[in-house]
Amino acid sequence: MRALSHPNQLISPKRALVLQARARSLLWSATRSEERLWAALRGGAAGAHFRRQVVVGGFVADFLAPSVGLIVEVDGKCHVRKRSADARRDEKLRRLGYRVLRLEAELVMRDLDGAVARIREALAQSV
């Protein structure tokens, strides 16, 4: 499934500006698990070029591989309480043509190689 070329056209210009500001803020306040995963993904090391904290369809995605429409979310403990909201968000992103892979922050911290292997598997399914 191919992602829309401009999924952010679905949101108002004002909302887009708010989300862009939030994304910039998140770049500078990344969690340890996000920083650790970014070090493993940067420069295409996992097999695709990823961008961090990208506005997609009205949401800020932790990591996006735009060429294959793969979004990787790193979920900390707070996401346990937000599962239904995350599921609705993932469904909206799927309808826009994106695939969402959720990784627990604990996995990234405990087994970075395993986390990257899951991303590579998802990338392989894109081809």
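Student: What counts as a strand, and which strand holds Gln 53 in this model?

Tutor: A strand is a DSSP run of E with at least two residues, and strands are numbered from the N terminus. The model discussed here is a predicted one. Residues 51-56 form one such run, and Gln 53 lies in it, in strand S1.

Student: Is Gln 53 buried or exposed?

Tutor: A residue is buried when its relative accessible area is under 20%. The relative accessibility of Gln 53 is 7%, and therefore Gln 53 counts as buried.

Student: What is the phi of Gln 53?

Tutor: Most residues other than glycine have a negative phi. Gln 53 is a residue other than glycine with a positive value, and its phi is near 45 degrees.

Student: In what order do the elements of the chain run from the N terminus on?

Tutor: The chain has five helices and four strands. From the N terminus on, these elements follow the order α-α-β-β-β-α-β-α-α.

Student: How are H2 and H5 oriented to each other?

Tutor: Two packed helices are described by the angle between their axes and the distance between the axes. For helix H2 (residues 32-41) and helix H5 (residues 112-126), the axes are 11 Å apart and the angle is about 60 degrees. An angle of 65 to 115 degrees would count as roughly perpendicular, and one under 35 as roughly parallel. H2 and H5 are therefore oblique.

Student: How many residues of the contact of H2 with H5 are nonpolar?

Tutor: Arg 36, Leu 37, Ala 40 and Leu 41 in H2 meet Leu 112, Val 116 and Ile 119 in H5. Among the residues of this contact, one is charged, none is polar, and the number of nonpolar residues is six.

Key: Residues numbered from 1 in each chain as written. Predicted model: local features only at pLDDT ≥ 70, side-chain atom pairs only at ≥ 80, totals over all residues. Heavy atoms only, no water. Axes fitted to C-alpha atoms, helices over the stretch in contact; angles between N-to-C directions. Parallel < 35°, antiparallel > 145°, perpendicular 65-115°, else oblique. Contact = heavy atoms within 4.5 Å. Nonpolar A, V, L, I, M, F, W, Y, C, P; charged D, E, K, R; others polar. Buried < 20%, exposed > 50% of the residue type's maximum accessible area, 1.4 Å probe, protein only.
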